[in-house]
Amino acid sequence: MANLTGELWRAVVAVLYGAAAGMIAAAVLGTMNFLSGFLWSGEAGGLRIFLTVMAGGALIAGLRLLDGGKEDDLAAQLRQTGDASAFHWRRTALLAAMAIIAVAFGGAIGPEAGTLAVVAELSAIVSLAIARSSTERQFIGEVGAAAALGGLYGSPPGGTLLAEPTAEGPQADPKGRQLFLFLAALAGLAGFLLAAKVLLPGGGMRVHLAPVTAQDSPWQIVAALIPALLGGLAGLAFVVLLPWFQARLAQFGNVGIQTLVGTAGFALLATTFPILLFSGHHQIEEMLHWAGTANMAELLGLAALKVLCLTLCLASGWRGGAAFPLIFIGAAAGYSALAFIPALDPTVASLAGITAAATVGIGKPLAAIFIVALLVAPFGAGAICVGALVGMIFARLYPVSSVH
């Protein structure tokens, strides 16, 4: 009877709190979009882009100094979702503010960090109200993370896999955990979509690609290896460059100066190429339309510049996730393969590159595959499988311990 009561409690928490966390995720994203729209309304010239980005960097630098530069990255946030002892109200509030500023001021990062920080605060409040043990507090934290990410990515399996405890994170009572976290992620997606109807008139974070016009013929699948390799190399460049940039910026000592130096580099790139601003998911359609007239060098150059912007932002303290920029990067790198395989379906090329880049770069390959499959294209299974295969090979050759 006690086991049955415990299972019922978990199911109720997963559904009800999962739906609430999904709604909160939509509200946080809506706040980011509102501030971004306010800051970037009208035509943005070069000087305005530079000054706006630098203003965002200055705000983030100030908040980092307040916190002593100890704010958590996305991997640490996910590790600590169920660890009540690791939760600090002030640090979480500062992280939420930094992440919201990072997205609103045009950072080349996704909204994951800010969303998780706000949901973590909500999880702590809910835990104080209803949790009776450390195991229940851990479960509530994991439910909040799975629901928020399941809604944000439109992928309950991806949210579940990202929110699962890792070997470094809290480990307790694993029985049935995946099932309940998946239930929470499903409820989170439902809550997110419900709230999005009111709070996100422009839609959520879904990425739109044209339908695949060619069938998954053996030739198309084999040819998809080329854009998958290019996307995988782009993802590999990101995971190699990020620690390198972090080490270089750390030489400046003061975290405020680190942020300002990294921001200045990003601001110069964004001023020269405005398409590098933001996470990239809204710009993919515009980029792919332009790609039809671009050559291979231009597309690979765009992917490389976006990798550079993403690494600069994350290394200098702009808090966020890498998933959405990696989708943009993979699409550009994959599409470039059409320069010497013109008969390949453009969506197959883009999708293979996206899947490979995300699989290498996010840090949890299986979660990345589910995110791409449901967020980007619930079609083109052949291209997704080829990209996943190439991405998994690169991920094994150069494993990363952190989720980006």
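A: Start with H6 and H7, whose axes lie 7 Å apart and pack at an angle of about 145°. Axes here are lines fitted to C-alpha atoms, for helices over the stretch in contact, and angles run from 0 to 180 degrees between N-to-C directions. This is a predicted model, where local features need pLDDT of at least 70, side-chain atom pairs count only at pLDDT 80 or more, and totals for chains, interfaces and linings use all residues. Residues are numbered from 1 along each chain as its sequence is written, and side-chain values use heavy atoms, leaving out hydrogens and water.

H6 brings Glu142, Ala145, Ala146, Leu149, Gly150 and Tyr153, and H7 brings Pro156, Gly159, Thr160, Leu162 and Ala163 (contact means heavy atoms within 4.5 Å). These residues divide into seven nonpolar, three polar and one charged. Ala, Val, Leu, Ile, Met, Phe, Trp, Tyr, Cys and Pro count as nonpolar, Asp, Glu, Lys and Arg as charged, and the others, Gly among them, as polar.

Now follow H7 to another partner. The axes of H7 (residues 156-163) and H16 (residues 365-376) come within 7 Å and cross at roughly 160°. The crossing of H7 and H16 is left-handed. From H7, the contact uses Pro156, Pro157, Gly158, Leu161 and Leu162; from H16, it uses Leu366, Ala367, Phe370, Ile371 and Leu374. This contact of H7 with H16 has nine nonpolar residues, one polar and no charged.

A pair of aromatic rings is described by the distance of the centres and the angle of the planes. The structure holds six aromatic pairs (rings of Phe, Tyr and Trp, with its six-membered ring, pair if their centres lie within 6.5 Å; planes under 30 degrees apart count as stacked, over 60 as edge-to-face and the rest as tilted). Tryptophan 9 and phenylalanine 139 have ring centres 6.1 Å apart and planes at 45°, so this pair is tilted. Tryptophan 9 sits in H1 (residues 2-40) and phenylalanine 139 in H6 (residues 134-153), so distant parts of the chain are linked, 130 residues apart. Tryptophan 9 is buried at 18% relative accessible area (buried means under 20%, exposed over 50%, partly exposed in between, with a 1.4 Å probe and protein chains only). Phenylalanine 139 is buried too, at 1%.

Phenylalanine 139 has a second ring partner. Its ring centre is 6.2 Å from that of phenylalanine 180, with the planes at 90°, so the pair is edge-to-face. Phenylalanine 180 lies in H8 (residues 177-199), so this pair ties H6 to a part 41 residues apart in sequence. Phenylalanine 180 is buried, with a relative accessible area of 7%. Together, ring pairs link Trp9, Phe139 and Phe180 into a cluster.

Last, the wider setting. The chain has 17 helices and zero strands (DSSP runs of H or I, at least four residues, and of E, at least two, numbered from the N terminus). Buried residues make up 56% of its 404 residues.

Technical notes
A crossing is left-handed if the near helix is turned anticlockwise from the far one by less than a right angle, and right-handed if clockwise.
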